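This report describes selected features of a structural model, from a single loop residue to helix pairs and sheets. The sequence and structure come first.

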Amino acid sequence: MKQVETINGRELKEMLTTATSWLEKSASDIDALNVFPVPDGDTGTNMLLTMRSSIDEANQTADSSAAGVAQAIARGALLGARGNSGVILSQIWRGLAEGLENKPSVNGADFAEAMHQASVTAYKGISNPVEGTILTVAKDAAEAGQAQAANGDADLISVLEAIVSAASESVANTPTLLPVLKDAGVVDAGGQGLYTILEGALRYLRGEAEQMQFRKPLIIASSVPQPARAMRISPKEEKPFGYCTEFLLKGTGFNQEKIKTKLKKDGESLIVVGDDNTTRVHIHTEDPGKIIRYATSLGTVHQISIRNMDEQHQDYLEMQKDRTPEIDIATIAVVAGEGLADVFTSLGTTAIVSGGQTMNPSTKELLMAVKSVASDKVIVLPNNKNIILTAQQLQSLTDKQVEIVPTETIPQGVAALLAFDYEADFQTNAKLMREAKAAVRTIEITRAVRGAHLNGLNIKKKQTIGLLDGELLVAGKDPLDILTKMLAKLDLTNAQIITIYYGADTDTVEAEAVNTSIREQYPRLQVEVIQGGQPHYNYIVSIE
Amino acid sequence: MTVKIITDSLSDITSDLAGELGVTVVPLTVIFGHETFLDRVTMTTDEFYRRLTDGTVWPTTTQPTPAAFAEVYNTLAKETDEILVVTLSGKMSGTYQSALGAKNMFKGKCRIEIIDSQLVAMSLGSLVISAARKAKAGATLDELVNSVKKAMPRSHFVVYFDTLKYLAKGGRIGKAQGLLGAMLSVKPILTVKEGEMAPLTRLRSLSAGLDYLYNFAKGYPDAELVAVEHATTPDEADRLADRLSSTFPKERIIKAVISPVLGVYGGPGAMAVTVLEAEKK
């Protein structure tokens with residue numbers, strides 16, 4: 001295995017130059033990760049431009065020590081920082097330079113320590129640090145680097161490997177920390193950018209610069225299982241975003257803390273970083289004029305950039321439209337319950353209309369969904385007997401081609417959705433989905449809304465009842481008892497999977513008990529339990 | 001002189017079969033942490049899948065270096081004046097680029113043609129097998145290039161993944177992205193489309209998966225070759241091959257093991273079927 005004990009200033013510069021070329025290859029992919037309103041729309045590009053400014057500065061410095069090069073990198077980043085992520089990156093380099101002060105060369109332990117300093121400095125620069133961003137990635141990476149160095153294996157490659165590996169995990173984890181990422185099914189763009197830079201640096205140390213020209217950095221997949229994005233039909237209020245205001249301030253005797261305190265109430269996403277003579281400011285504000293007036297009272301203002309974020313948002317929406325893979329056939333499902341909505345989304349439903357038993361969506365709501373999906377061919381899964389008729393009105397109300405697959409239960413809807421064939425045309429898919437719904441049986445366990453005599457059963461109000469494919473079959477007290485009785489009535493010779501979706505009123509402990517019992521009774525079958533969160537129904541059970 | 005054929009280890013051609021056909025297989029590299037292995041040369045497929053399931057280190061893979069191809073070109077150039085290289089899809093790996101890079105560095109007189117098959121696993125392997133047989137029968141390099149290019153759209157591949165876990169971790173998933181994050185246990189069926197993995201449909205059990213693979217192959221009764229592949233389930237593969245022997249003569253059925261390089265994404269339990277349709281006369 002290749003080992004690198006130390007690198008000098010020249011090699012440090014080479015390493016970051018290679019890392020910058022590596023970042024360049026995926027800058028546009030990183031741009032695409034942006035989730036508005038995460039400040040600044042072109043994270044990849046902004047980080048790249050910041051890095052280029054760093055490299056330019058490093059190329060001009062006469063100081064060939066590691067400390068000297070690191071200083072130049074930090075200075076270049078501050079002068080050329082673009083966007084929120086660029087400014088934070090400049091702080092990372094500043095911290096790194098502080099950590100490497102007076103060092104003629106860098107070994108593994110030095111680098112780990114400097115990365116720690118980098119993370120601390122980066123947090124300090126931000127008035128309200130948010131976890132699940134580049135900051136978290138820098139922190140996690142630094143911790144892993146220090147642990148590796150403390151382990152005794154302070155070879156520079158080993159330390160950087162630990163850093164890169166931790167950065168990768170940290171990036172994958174960003175959606176668990178930041179809900180806006182989770183909803184969009186992407187990882188944090190700034191974090192991804194930092195990971196790419198560190199990975200590029202590692203590849204340089206390993207001597208892979210040559211091979212890198214044939215390869216491309218990996219964009220990390222979110223560790224949260226939510227890449228499929230279904231539209232939820234519910235209108236939201238829109239807030240104005242204001243102006244993204246950035247500039248470089250030159251003069252003497254700057255106090256960043258003082259500037260921060262002064263500007264804090266004038267906007268959001270405030271970053272003020274720099275030294276006595278040079279300070280960079282980034283803020284989202286409704287009144288950029290006020291900010292600039294204040295700045296000119298402190299010194300001279302350079303590289304002023306004021307961008308209308310509402311326009312940026314429009315551009316962003318347009319870009320997303322272009323990037324959204326063209327869907328040939330859209331599917332719309334009527335679903336109640338957060339868990340069930342997630343199940344349908346994860347299986348690729350294009351849009352979800354909220355509704356079900358006792359809360360049937362109107363034709364208008366369904367029509368809105370049909371209009372909103374980016375396809376002229378739409379398959380609708382009503383998933384309830386009482387909604388099929390409403391859904392069938394759609395065909396006469398729109399120019400789009402609409403097929404209703406008359407699913408009467410949630411399991412039928414899931415089976416239909418699974419049967420979707422990515423290669424088949426519209427009519428074939430509608431046919432495949434109709435056939436698939438017939439291959440599944442549904443048991444629903446709920447409570448009677450009123451007393452009745454039905455199918456030879458004397459049912460009292462609120463008594464627990466079991467339905468098989470919509471037909472009342474068993475009444476009793478205990479849901480597990482009813483489910484067991486109903487399964488016993490079915491021929492399960494060809495069955496393979498039982499999926500149990502438990503409702504909003506059923507607790508997890510009870511559902512687990514049902515799970516255990518059914519598994520014991522049917523050891524041959526695969527049993528899955530999922531929190532469906534549906535109202536009214538204690539359990540919806542699918543038998544395939 | 002007989003044209004010499006080179007492919008990469010993603011063709012799933014074993015060293016025995018390669019020896020028999022006179023084909024040279026250039027291995028990709030599998031990396032577990034600090035350890036690197038040449039696919040099926042310094043690490044067996046069994047050992048790979050054992051580490052993949054037991055280990056805590058996530059493996060990655062890399063293309064062969066241009067130097068690895070250059071070495072093979074130089075060795076073969078002593079025996080022949082025409083070489084054909086057929087690589088896995090250039091959209092999945094830089095192997096094709098490495099083969100090209102080596103050709104640009106090559107100083108010998110031997111003619112070298114390189115084809116990006118746009119395929120993977122036995123769908124690539126079956127092209128190579130078919131070409132190697134033609135080469136033995138005396139086909140020229142130009143004839144072989146023409147024949148492989150014409151055979152590419154006739155090579156059909158479907159693969160069953162028993163789990164989505166490895167596909168999700170691997171990252172390089174092309175159009176299969178939409179399959180990720182299913183909350184139910186779902187077994188995807190994928191194919192190779194325009195050089196990338198693309199989803200076909202989703203099933204919920206192994207037996208449904210085996211039925212799908214069986215019915216898919218049965219749709220091409222006059223196939224030149226049928227390949228049945230597995231990752232860790234040789235018994236299931238044997239049973240599937242037996243079932244298929246009612247439709248296809250036994251000598252047209254090839255059994256193979258899915259390469260670790262694809263196994264990084266498919267994980268244990270994956271199974272695949274390739275059909276090379278017969279040439280239309």
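Ser246(B) is exposed, because 7 other C-beta atoms lie within 10 Å of its own; a residue is buried if 20 or more other C-beta atoms lie within 10 Å, exposed if 12 or fewer, and partly exposed in between, with C-beta atoms placed from the backbone. This serine is found in the loop between α9 (234–244) and β12 (253–257) of chain B. Helices (H or I, at least four residues) and strands (E, at least two) are DSSP runs, numbered from the N terminus. Ser246(B) and Lys218(B) are separated by 28 residues in sequence, and their C-alpha atoms are 9.7 Å apart.

The model is predicted: local features need pLDDT of at least 70, side-chain atom pairs count only at pLDDT 80 or more, and totals for chains, interfaces and linings use all residues. Residues are numbered from 1 along each chain as its sequence is written, while chains are lettered from A and ligands numbered from 1 in the order in which they are written.

**Chain B**

The secondary structure of chain B comprises 10 helices and 13 strands. Of its 281 residues, 52% count as buried. Two residues are in contact if their C-beta atoms, placed from the backbone, lie within 7 Å. Among contacts in chain B between residues at least 6 apart in sequence, 73% join residues at least 24 apart.

Chain B contains an open sheet of 4 strands in the order β2-β1-β6-β7, with parallel pairing. Its edge strands, β2 (23–26) and β7 (111–116) of chain B, each pair on one side only. From one strand to the next the twist averages 20°. Two strands pair if DSSP finds at least two bridges between them. Strand β1 (residues 4–8) of chain B is joined to strand β6 (residues 82–87) of chain B by 4 bridges, and Ile6(B) has Val85(B) in β6(B) as its bridge partner.

Two helices lie across strands of this chain. Helix α3 (residues 66–77) of chain B lies across β1, β2, β6 and β7 of chain B and runs at about 160° to β2(B). Helix α5 (residues 121–136) of chain B lies across β1, β2 and β6 of chain B, at about 170° to β1(B). Axes are lines fitted to C-alpha atoms, for helices over the stretch in contact, and angles run from 0 to 180 degrees between N-to-C directions.

**Helix pairs in chain A**

A crossing is left-handed if the near helix is turned anticlockwise from the far one by less than a right angle, and right-handed if clockwise. The crossing of α3(A) with α4(A) is left-handed, and that of α5(A) with α6(A) is also left-handed.

Residues of α3(A) at the contact include Ala70(A), Ile73(A) and Leu78(A), and those of α4(A) include Leu89(A), Trp93(A) and Arg94(A). The residues of this contact divide into 9 nonpolar, 2 polar and 1 charged; Ala, Val, Leu, Ile, Met, Phe, Trp, Tyr, Cys and Pro count as nonpolar, Asp, Glu, Lys and Arg as charged, and the others, Gly among them, as polar. In the other pair, residues of α5(A) including Phe111(A), Met115(A) and Tyr123(A) meet residues of α6(A) including Leu135(A), Lys139(A) and Gln146(A). The contact of α5(A) with α6(A) has 12 nonpolar, 6 polar and 1 charged residues.

**Buried elements in chain A**

Helix α14 (residues 338–346) of chain A is largely enclosed by the rest of the structure, because 7 of its 9 residues are buried. Among them are Leu340(A), Val343(A) and Phe344(A). The elements covering them include β8 (329–335), α17 (410–418) and β17 (497–502) of chain A. Gly348(A), with a positive phi near 100°, follows α14(A).

Strand β6 (residues 278–285) of chain A is mostly covered, with 7 of its 8 residues buried. Strand β4 (residues 243–250) of chain A runs antiparallel to β6(A), joined by 8 bridges, and Leu249(A) stands opposite Thr279(A). Strand β5 (residues 267–274) of chain A is also antiparallel to β6(A), with 6 bridges, and Glu268(A) has His284(A) as its bridge partner. A hairpin is formed by β5(A) and β6(A), with 3 residues between them.
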